[in-house]
Amino acid sequence: THASTMPSDASASAPRPRVVSLLSATTEIVYALGSGHLLVGRSHGCDWPPAALALPALTAPRVDPSAPSAEIDSAVRAQLANGGPVYHVFNGDLKALKPDVVITQDQCRVCAVTRSDLDA
């Protein structure tokens, strides 16, 4: 077995990847792995650990998350019926950060930003 996948000539001075996490769970995982220093941006929902709050939020819900649940459900269903995304991505801010990696998901359009939301 290999102890590392890094090439033996890898240098500590190699450029660090610039990472944006658009999922709360992956933001927490990146920090738990000791790699929080690689993050340059996050989603509006990434609030743990507290250090994540210092990163720019690059998304926002298109519905009022403080509304009663029935209103949220209705608004989300309307967004989806119209083919629109549930989240707004601040693409200009995202591009300005020049990330090497953007972590998101494609399992649920309602749960978090998807790849198609980024491409919109």
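Biologist: Is C111 buried or exposed?
Modeller: C111 is exposed, with a relative accessible area of 57%. Here buried means under 20% relative accessible area, exposed over 50%, and partly exposed in between, with a 1.4 Å probe and protein chains only. This is a predicted model, in which local features need pLDDT of at least 70, side-chain atom pairs count only at pLDDT 80 or more, and totals for chains, interfaces and linings use all residues. Residues are numbered from 1 along each chain as its sequence is written, and side-chain values use heavy atoms, with hydrogens and water left out.

Biologist: Which residue does a disulfide join to C111?
Modeller: The partner is C108, at an S to S distance of 2.5 Å; a disulfide is a pair of cysteine sulfur atoms within 2.5 Å. The structure holds one disulfide.

Biologist: What is the handedness of the link between C108 and C111?
Modeller: The link is right-handed, with 70 degrees about the S-S bond. C108 counts as partly exposed, at 22% relative accessibility.

Biologist: Turning to the sheet, in what order do the three strands stand?
Modeller: The order is 2-1-5, in an open sheet with parallel pairing. Strands (E, at least two residues) and helices (H or I, at least four) are DSSP runs, numbered from the N terminus. Two strands pair if DSSP finds at least two bridges between them.

Biologist: Which are the edge strands?
Modeller: They are strand 2 and strand 5, each of which pairs on one side only. Strand 1 is joined to strand 5 by three bridges, and V19 stands opposite V101 in strand 5.

Biologist: How many bridges pair strand 1 with strand 2?
Modeller: Strand 1 (residues 19-21) and strand 2 (residues 39-42) pair over three bridges, in the parallel sense. Between these strands the chain passes through helix 1 (residues 24-32), and this β-α-β crossover is right-handed. That term applies if, with the strands pointing away from the viewer, the path from the first strand over the helix to the second runs clockwise.

Biologist: What about the backbone: which peptide bond is cis?
Modeller: The bond from W48 to P49 is cis, with omega near -5 degrees. P49 lies in the loop between strand 2 and strand 3 (59-61).

Biologist: And what is the phi of K98?
Modeller: K98 has a positive phi of about 50 degrees, although K98 is not a glycine. Most residues other than glycine have a negative phi, and most peptide bonds are trans.
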